[in-house]
Amino acid sequence: MSSDSLTGLHVLITRPTEQQQALRESIESHSGKVLSLPLIEIQALQQGDAIQAITEQIQQLGHYQILIFVSSNAAKFAGRLIADSWPQFPPGLSTIAVGPATAKTLSLLLDVDIIQPGDGATSEDLLKLSLLDDVGGKKIAIVRAQGGRELLAETLRARGAQVDYLEAYRRTPVDYDASEFCQRLKTAGVNVLSVTSSESLHRLQTMLADNKEQMSLLPLLVPSERIALQAREIGFAKVVNANGADPENFLRALELLASSN
């Protein structure tokens, strides 16, 4: 990778503020430019009953056989609570991370072996793990935000597992005036859009509003084929699947995009 491999690209980053630094630095170190307009922000739980619920669930982790973290934020928020509650990790509890960023966060917080898919970082990739094939009668805890996709839990329940959610944080939308949002993109000369979730994709669609027909002609970088399909269905013309939301995969996809231009 040359230091000027992203020359000419000006990328809109919409991921939460605290998750942008590595990607921003990667893009800028390869002579690309960045406009940061987060569409979703990550926040700690604020309601007392929600905090009490996950605290009590973590105290019962010894009753589970499998613990699954579906995002790096799940690892960050719940990992600290688990470390405080369990100085010695519960024996016999297998720990799964959805991808490398989640695994890295867990390795910093917990002294435990971490299992992750060999390829991909989605619920579909998790479900291909051999550990999750024969789960009849097993108790599985999925650590996530409040709300979210149901595919993982539904599939594991269909395979015979008892599945509980440990909801460790919340996602809140960031509001912009749509016309001002689009004007900032045009003023900055943004020529690549990016999202990292279905939620941020649909927020972007809303923000583009009357400018969507024009803006949807720009390349849109997404982390998975599932989100790529959703983007195409709502009218984005040039969707690029980075095969992961981590900075390394995004940078690789951007370099391919830059070279094709």
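Reader: Why is Glu124 called partly exposed?

Author: Glu124 has a relative accessible area of 30%, and the term buried is kept for values under 20%, exposed for values over 50%, and partly exposed for those in between, with a 1.4 Å probe and protein chains only. Glu124 is therefore partly exposed, and Arg149, at 34%, is partly exposed as well. This is a predicted model, in which local features need pLDDT of at least 70 and side-chain atom pairs count only at pLDDT 80 or more, whereas totals for chains, interfaces and linings use all residues. Residues are numbered from 1 along each chain as its sequence is written, and side-chain values use heavy atoms, with hydrogens and water left out.

Reader: What makes Arg149 and Glu124 a salt bridge?

Author: The term asks for a side-chain nitrogen of Lys or Arg within 4 Å of a carboxyl oxygen of Asp or Glu; the closest N and O atoms of Arg149 and Glu124 are 2.9 Å apart, so the pair qualifies as a salt bridge. Arg149 lies in the loop between S7 and helix H6 (151–158), while Glu124 belongs to helix H5 (residues 123–126), so the pair ties together parts that are 25 residues apart in sequence. Helices (H or I, at least four residues) and strands (E, at least two) are DSSP runs, numbered from the N terminus.

Reader: How do you know that Arg144, Glu150 and Glu167 form one network?

Author: Arg144 forms a salt bridge with Glu150, with the closest N and O atoms 3.5 Å apart, and Glu167 forms one with Arg144 at 3.1 Å. The second pair links distant parts of the chain, since Glu167 is in strand S8 and Arg144 in strand S7, 23 residues apart. Salt bridges that share partners join Arg144, Glu150 and Glu167 into one network. Arg144 is buried, with a relative accessible area of 8%, whereas Glu150 is partly exposed at 31% and Glu167 partly exposed at 27%.

Reader: Why are strand S7 and strand S8 said to pair?

Author: Two strands pair if DSSP finds at least two bridges between them, and strand S7 (residues 139–145) and strand S8 (residues 162–173) have seven bridges, in the parallel sense; they therefore meet the criterion. Within this pairing, Ile140 stands opposite Val163 in S8. Both strands belong to an open sheet of six strands in the order S3-S8-S7-S4-S5-S6, with mixed pairing.

Reader: What makes the largest nonpolar core a core, and which residues touch the most other members?

Author: A nonpolar core is a set of buried Ala, Val, Leu, Ile, Met, Phe, Trp, Tyr and Cys residues joined through side-chain atoms within 4.5 Å. The largest has 27 residues, of which Leu61, Leu67, Phe69, Ile82 and Val143 touch the most other members. Its largest share, five residues, comes from H3.

Reader: How do you know that the buried residues of H7 are on the same side?

Author: In helix H7 (residues 178–188), Phe181, Cys182 and Leu185 are buried. They cover an arc of only 90° around the axis, which puts them on the same side of H7, the arc being that of the directions from the helix axis to the C-beta atoms. The face of H7 turned away from its buried side carries the exposed residues Glu180 and Thr187.
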